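Hi,

Here is the structure I promised to pass on to you. My notes on its charged side chains follow below.

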Amino acid sequence: MSLSAVELPELSEAGLAVYENTLREYPAQALVRLDVLAHNMAHLVNITAQQAQTQGVNAPAVMGVVKADAYGHGLLPTALAALAGGATWLGVAQAREALALRRGGISAERVPILCWMFSAHTAPFDELIENTIDIAVGSVHDIEAVVHAAQRVGRPARVHVQVETGFGRNGFTADQLSDALSILQSAQSADLIKVVGVMSHLAVADAPHDEQARDVTDMQIANFNAMVSAMHDADIHPQIRHLANTAATLTRPDTYFELVRPGIGLYGYEPDKAMGTPSDFGLTPAMTLQAQLGTIKDLPAGHGISYGRTYITEQDTSTADMPVGYADGIHRSASGFNPLGSQRTSHWGGPVAVRTASGENKVVHIAGRVCMDQSVLDLQGNAHDMGIAEGDTVKLFGPGRGAVFGEPTADDWARCADTISYEIFTCLRNRIPRLYFGARQVLNDQDCALIEATLPGRIVS
């Protein structure tokens, strides 16, 4: 019987069949806990309510940000879990994701959806308006294209005005806003648009302990308020102001206004490792990435591994082929190399937990360069003696205390690959199947049916 470094919950006969079928489909799987996603969202809703009460203001609505295929977790299942956890808005970057949610069965009567990233010359504004999807506008071209689409469709568009408050990215600058307001006034008078909201984005809210960063956030809040005042002076009165990302939702209640937009917090991670760990904020990572081992072989000391011989075995050891590589989204920068036989600086490869015959997890690392479809693990010992065999399930990352405790996380992989946790899971390719656990604990039968209609055979429990 093969060993597994991943502890699965008790499964029904049907759930076990789904799980085993997926293992036959592909030798790696992303296990997503929808009950954990719902819990994280409920926790964020509670935090905002508590902090708003402390500030003596009304609790804001909470948007579940499910852009980028829900940070790699799966768009529709995650959106449904966020709603189960108390989100009253959904947010995506791309129009296609907003439309996919509507087509997947999440109606306009159930929840508003906002999208904010497109090219005004090619975006399907007609479809967005027809599906009652809110549209963020940040340029005159955006407004003009939305107005023309509203004329064609014969109904007003719901828009949120993006303002640039210091991030240097999307939105109208203070100098551009006056021209935009005159066009918005005209379109509003003609009943072609309804200005639902005004929004901006914070640059350094994820450094709440840094005095300079706090000053920058204060500046952005002041700029935001000034631009909202300019809108009011132009007789444009957005109902909803929104500025707070996850970091601000957790640490800056003065940014709440009527709506907050937590993203990474929904998935159980802190916005920046300098802020602490997920557990510091009551969050739990919702995804576990696992794979089944391929070939295992014994190699002598001094043997090169993978392209370029950037890793040379330091002792007699066993290696295991892990059948995922950069075509699956495993970062090549998570390759491992050592100084033997080269002038390179030593670098630990991505951490992977393997289960030994003693029942303990041992963390080993990618040895040599990550390849397109596979990576090699140096088991740092004899596989037979440790009870490690082909077909064993290993854990690349998941919830836990960290690799030093035998529980590697996406934060560990981010440190190894010189990136952030966001990139670790958003880069995972769709050829890795997503399996959903805890769905029936937090979703009703109708919502489970929506998932089954779009992702048949993916709900395990």
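Predicted model: local features only at pLDDT ≥ 70, side-chain atom pairs only at ≥ 80, totals over all residues.

A salt bridge is a side-chain nitrogen of Lys or Arg within 4 Å of a carboxyl oxygen of Asp or Glu.

Residues are numbered from 1 along each chain as its sequence is written, and side-chain values use heavy atoms, with hydrogens and water left out.

Back to R261, which lies in the loop between β9 (259–260) and β10 (287–292). Helices (H or I, at least four residues) and strands (E, at least two) are DSSP runs, numbered from the N terminus. What does the side chain of R261 make a polar contact with? The partner is the side chain of H242, at 3.1 Å. (A polar contact is a pair of N or O atoms within 3.5 Å; within protein, one must be able to donate a hydrogen and the other to accept it, and residues adjacent in sequence count only if both atoms are side-chain atoms.) Leaving aside residues up to four places away in sequence, R261 touches several others, including M63, M199, H201 and T249; contact means heavy atoms within 4.5 Å.

Elsewhere, the salt bridge count comes to 14. One of them joins E7 and R355, with the closest N and O atoms 3.0 Å apart. E7 lies in the segment before α1 (13–25) and R355 in strand β15 (residues 351–355), so this pair ties together parts that are 348 residues apart in sequence. E7 is exposed at 62% relative accessibility, whereas R355 is buried at 16%.

Another salt bridge pairs R158 with D134, at 2.5 Å between the closest N and O atoms. R158 sits in strand β6 (residues 157–162) and D134 in strand β5 (residues 134–137), 24 residues apart. D134 is buried, with a relative accessible area of 0%, and R158 is partly exposed at 26%.

Best wishes

Notes
Buried < 20%, exposed > 50% of the residue type's maximum accessible area, 1.4 Å probe, protein only.
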